[in-house]
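Visitor: I have a structure open and would like to go through it with you. Could you begin with a term I shall need for the helices?

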Amino acid sequence: MDVQLFLVPYDTGRPRWRCGAGPEHLLHAGLTAHLQRQGHVVRDIHVLEDDPTHDPAEIRTAFELARRLAVQVRAARAAGHFALVLSGNCSAAIGTLSGLTPARRAIFWFDAHGDLNTPETTTSGFLDGMGLAVATGLCWQSLAATVPGYRPVEAETTFLLGVRDLDPPEASLVRQSAMTLVAVDQIPAELPRLLELAPLAETVGYLHLDLDVLDPAVGRANYLPVPDGVTVAQLTAAVAAIRDRVPLHAAGIASYSPEEDRGQGIARAAFAAIDAML
């Protein structure tokens, strides 16, 4: 497969800090050579940067990077390339998904957390805890509309996989919505049935992998570990089941802090997941 790599090395508006160091760490760990050994062609590597004259500002920076990413993902797809985005924060998904329009999209969101807070429900003020809420049109509509191609993704084609740390407002939202929540113990055995029940005909898939969906026994992905996550085998089997149902056009790997991954188990798991995606 022809792959275009996009690196968005930011965490809460700061370049190459904390999870912002993850994208380049995966690259330096040999991702390009690994993809080539698997028979893929890496067409290009784009590193997205914010204007260095601006002070770090989580909201402004996140949406500026999303705007730039949307344009580049659209160009990659027009050339027939698979867009693989390595980002510090999950909010990069807003740009990637915007680059896939006007196609009807399905989101497969692997994450320990829901990322479904809004400015009205958040207690942390952390924009990255709102990434999926923005993608599905629940908040920040005016800023999201500045991202080229932005359109909310339907709840009916949104899957939350391995999520196990929901704030009460997020849990209430999921219960009342048409999103599909796939618990860890349902992966992968129940996933094919749940995929069949969803209205996924004529959709293109975006697979989002926040690496803290993995169980801490695999490794510590970042500073927000949550117990009882998925194994590497569960993750790759789930990805394979999704690929059998929906063509994947883009994927994102996010929330990886190399300093937390002392045994490099998470980096190895990321490579295995990418193999399953492609």
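Guide: The expected span of a helix is 1.5 Å times one less than its number of residues. Please also keep in mind that this model is predicted.

Visitor: How many residues does α9 have, and what distance does it reach from its first C-alpha to its last?

Guide: Helix α9 covers residues 232-245, which makes 14 residues, and it reaches 20 Å from first to last C-alpha. That is close to the expected 20 Å.

Visitor: Which residues are buried in α9?

Guide: They are Gln-234, Leu-235, Ala-238, Val-239, Ala-241 and Ile-242. Seen down the axis of α9, the buried residues fall within an arc of 160°, so they line one face of the helix. The face turned away from the buried side carries the exposed residues Ala-233 and Asp-244.

Visitor: And what covers the buried residues of α9?

Guide: The cover includes the strands β6 (105-110), β9 (204-210) and β10 (248-254), together with the helices α8 (191-197) and α10 (265-277).

Visitor: Let us turn to the sheet. In what order do the strands come?

Guide: Eight strands form an open sheet, in the order β4-β1-β5-β10-β9-β6-β7-β8, and their pairing is parallel. At the edges stand β4 and β8 (180-182), each with a single partner strand, so one side of each has no neighbour in the sheet. From one strand to the next, the twist averages 15°.

Visitor: Which helix packs on the sheet there, touching β5, β9 and β10?

Guide: That is α10, whose direction makes about 170° with that of β10.

Visitor: How many bridges are there between β7 and β8?

Guide: Strand β7, residues 158-161, pairs with β8 over three bridges in the parallel sense. Phe-159 stands opposite Thr-180 in β8.

Visitor: What about β5: why is it described as largely enclosed?

Guide: Six of the six residues of β5 are buried, so the rest of the structure largely encloses this strand. Phe-82, Leu-84 and Leu-86 point one way, while Ala-83, Val-85 and Ser-87 point the other way. In a regular strand, side chains alternate between the two faces of the sheet.

Visitor: How many bridges join β5 to β1, and how many join it to β10?

Guide: Six bridges join β5 to β1 (residues 2-8), and these strands run parallel. Five bridges join β5 to β10, again running parallel. Ala-83 takes part on each side: it is the bridge partner of Gln-4, and its own partner in β10 is Ala-250.

Visitor: Back to helices. What can you tell me about the span of α3?

Guide: Helix α3 has 21 residues and reaches 30 Å between its first and last C-alpha, close to the 30 Å expected. Its buried residues include Thr-61, Glu-64 and Leu-65. The buried residues of α3 pack against β1, β2 (10-11), β5, α4 (92-98), α5 (131-135) and α6 (141-144). After α3 comes Gly-80, whose phi is positive, near 85°.

Visitor: Which residue makes a polar contact with Thr-61?

Guide: The side chain of Asp-50 does so, at 3.3 Å. Asp-50 lies in the loop between β4 (41-47) and α3 (58-78).

Visitor: Is Asp-50 buried or exposed?

Guide: Asp-50 counts as buried, because its relative accessibility is 8% and the cut-off for buried is under 20%. Leaving aside neighbours within four places in sequence, its contacts are Tyr-10, Arg-60, Thr-61, Glu-64, Leu-65 and Arg-68.

Methods. Residues numbered from 1 in each chain as written. Predicted model: local features only at pLDDT ≥ 70, side-chain atom pairs only at ≥ 80, totals over all residues. Heavy atoms only, no water. Helix = DSSP H or I, 4+ residues; strand = E, 2+ residues; numbered from the N terminus. Buried < 20%, exposed > 50% of the residue type's maximum accessible area, 1.4 Å probe, protein only. Polar contact = N/O pair within 3.5 Å; in protein donor to acceptor, adjacent residues only side chain to side chain. Contact = heavy atoms within 4.5 Å. Arc of directions from axis to C-beta. Pairing = 2+ DSSP bridges. Axes fitted to C-alpha atoms, helices over the stretch in contact; angles between N-to-C directions.
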